[in-house]
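Morning, everyone. I have one structure to walk through today.

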Amino acid sequence: MSSVNEPFRFGVQKMKLSQFNFKLPKDQIAQYPVNHRDESKMLVLHRDTGDIEHREFRDLVDYFSKDDLFVLNDTQVFPARLFGHKEKTNAQIEVFLLRELRSEIMLWDVLVDPARKIRIGNKLFFGENEDLVAEVIDNTTSRGRTLKFLFDGTHEEFKKVLFDNGLTPLPSYIKRPAEPEDRERYQTIYASEEGAVVGPSAGFHFSRELIKRLTLQDCRFAKLTLHCSRVMYAEIDVDDLGKYKMGTERMIVSKECCDAVNGAKENGKRICAVGTSTMKALETSLSTDGFIKPYDGWTGMFIYPEYDFGIANSMISGFHMPYSSLLMMQAAFGKYHNVMNAYKVAIKEGYRFGAYGDAMLII
């Protein structure tokens, strides 16, 4: 299996962070999703020519046919944002759950804000009746902490109380509090594997009706899991992208998924990676023989132009923020000048950006 640290697998040009800046009007950052998932606008970019079409997402059926394969990320977003207060001082604290470290003792890796007010041994209280209590066990980063939740009950009962008190972890560019409807909409309809704190938003556009229409055309679907984390939104702090080290994310690619993907590749079918997280997982599991192998572990893969992709020949994504690593992967797949031009066109044509925004199909 190829290592994610092999240099020839990454961008080979000296790309700069500054090359991924553009002026995005604030009113084009979607604050809410469209009423129906598959009614989002869809910009279709032909990566060989740079030609652009303007369609709706439901028109996806016009670009795929028998035995073409869609690879989906079935990670499930959990309500990771908690608001509570500190013992004695009653100071208001926001806790962002990252991942569960040890389920048997209810130990979690979290971020806290404001971090300066939290010390080892402090107790934090959540919920109207303070029915959820956590103790700070360790300091892991300048903002990070390890919390041990103090709960008298089963792990299943604890998770219910925890998630009942949590809010959907909307991205910071959505300038409103999370609402009950976000629990469904900041999620794909095929989500099944709990563990994400960032939504795999390219998949938000798929409705049950659209999947049924694609199935009737004998299109195929395969699933893998990559638990999208906040590393997707991490600020890139170097201008030379070759020096950037991305954080890691948990991922699983099953033998069943490998069989479907490798079979489609052998038969010359269109393989569509639904989202940058799916693309990252496919490339992480790519072997030197040109096919993917089962994978159960972590990936810190950072893809930017001129990366040489080995599996997918089409991609569904959204419209991302300036300087975003997600934009960089898009630009690697669709070719830098094509993608940056498509963004200019999208802004001019009023496309909506961000997780609740419109879609781009690169073929």
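Start with strand E3, residues 69-73. E3 pairs with E14 in the parallel sense, over three bridges. Strands here are DSSP runs of E, at least two residues, numbered from the N terminus. Two strands pair if DSSP finds at least two bridges between them.

Some ground rules. This is a predicted model: local features need pLDDT of at least 70, side-chain atom pairs count only at pLDDT 80 or more, and totals for chains, interfaces and linings use all residues. Residues are numbered from 1 along each chain as its sequence is written, and side-chain values use heavy atoms, with hydrogens and water left out.

Back to that pair. Which residue of E14 is the bridge partner of leucine 69? Isoleucine 271.

Now the other neighbour. E14 also runs parallel to strand E16, residues 314-318, with three bridges joining them. There, valine 274 stands opposite isoleucine 316 of E16.

Next, the side chains of E14, residues 271-274. Ile271 and Ala273 point one way. Cys272 and Val274 point the other way. Are these four buried or exposed? All are buried, meaning under 20% relative accessible area with a 1.4 Å probe, protein chains only. In a regular strand, side chains alternate between the two faces of the sheet.

Zoom out. Across the 363 residues of the protein chain, 54% count as buried. The chain has seven helices, runs of H or I of at least four residues, and 17 strands.

Last one: contacts, meaning heavy atoms within 4.5 Å. Take those between residues at least 6 apart in sequence: 71% join residues at least 24 apart.

Conventions: Buried < 20%, exposed > 50% of the residue type's maximum accessible area, 1.4 Å probe, protein only.
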